[in-house]
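Me: I'm new to this one. Can you put the structure up and walk me through it?

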Amino acid sequence: MAIYRDQRRVVASMSKAFDPVLRSGAQVRYEGIYACISCGAEIALSAGRLIPSKPNVPHAPGCPDGGWQLVVATSGPERQPRT
Ligand SMILES: [Zn+2]
């Protein structure tokens with residue numbers, strides 16, 4: 001799970017940019033931290049990079065690699081704080 005120390009440096013967002021579940025090999029649109037929806041493994045990717053294949057990421061043993069979702073964006077999606 002992503003961890004932060006200073007909440008002044010992060011903001012909640014309701015952007016749909018966090019919705020898609022991406023498969024290994026997919027190109028990411030947003031720079032940030034992505035998490036495996038099956039085991040919670042996290043990776044950081046720059047915009048335009050490809051989600052790496054299973055042998056190259058730290059999945060939990062036996063993880064079926066169900067896909068990846070954007071967890072923390074460092075640039076890209078508009079910032080829409082929760083109300
Ligand atoms: Zn996994």
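**Strands and zinc site**

Reply: To start with a strand pair, Ala-35 stands opposite Glu-42 in β2. Strands here are DSSP runs of E with at least two residues, numbered from the N terminus. Before going further: this is a predicted model, where local features need pLDDT of at least 70 and side-chain atom pairs count only at pLDDT 80 or more, while totals for chains, interfaces and linings use all residues. Residues are numbered from 1 along each chain as its sequence is written, and side-chain values use heavy atoms, with hydrogens and water left out.

Me: OK. In what sense do β1 and β2 pair, and over how many bridges?

Reply: β1 and β2 pair in the antiparallel sense, over four bridges. Two strands are said to pair if DSSP finds at least two bridges between them.

Me: And how many residues lie between the strands in that hairpin?

Reply: The hairpin of β1 and β2 has five residues between the strands, and Gly-40 takes a positive phi near 85 degrees there.

Me: What about β1 and β3, how many bridges join them?

Reply: Five bridges join β1 to β3, and these two run antiparallel. Tyr-34 has Leu-70 in β3 as its bridge partner.

Me: How many residues of β1 are buried?

Reply: Four of the five residues in β1 are buried, so the strand is mostly covered. Buried means under 20% relative accessible area, exposed means over 50%, and partly exposed is in between, using a 1.4 Å probe and protein chains only.

Me: Switching to the metal. Which residues are the protein donors of the zinc ion?

Reply: They are Cys-36 (SG), Cys-39 (SG), His-59 (ND1) and Cys-63 (SG), lying 2.1 to 2.3 Å from the zinc ion. Donors are N, O and S atoms within 2.8 Å of the metal (3.2 Å for Na, K and Ca); water is not among the atoms, so sites may look incomplete.

Me: What spacing do the donors follow along the chain?

Reply: The donors of the zinc ion follow C-x2-C-x19-H-x3-C.

Me: Why is the arrangement called tetrahedral?

Reply: Because the four donor atoms around the zinc ion subtend angles of 106 to 113 degrees. Four donors count as tetrahedral if all angles lie between 85 and 135 degrees.

Me: Are those cysteines buried or exposed?

Reply: Cys-36 is buried at a relative accessible area of 3%, and Cys-63 is buried with 3%. Cys-39 is partly exposed, at 29%.

Me: With cysteines around, how many disulfides are there?

Reply: The count comes to zero disulfides, a disulfide being a pair of cysteine sulfur atoms within 2.5 Å.

Me: Back to His-59. Where is it?

Reply: His-59 is in the loop between β2 (42–45) and β3 (68–73). At 13% relative accessibility, His-59 counts as buried.

Me: What is His-59 in contact with?

Reply: Leaving aside neighbours within four places in sequence, His-59 is in contact with Cys-36, Cys-39, Ala-41, Lys-54, Asp-65 and Trp-68. Contact means heavy atoms within 4.5 Å.

Me: Last one. Where does Leu-45 lie, and what does it touch?

Reply: Leu-45 lies in strand β2 and is buried, with a relative accessible area of 11%. Not counting residues up to four places away in sequence, Leu-45 touches several residues, including Val-28, Tyr-34 and Pro-52.

Note on methods:
Tetrahedral: all angles 85-135°; square planar, octahedral: opposite > 155°, others 65-115°.
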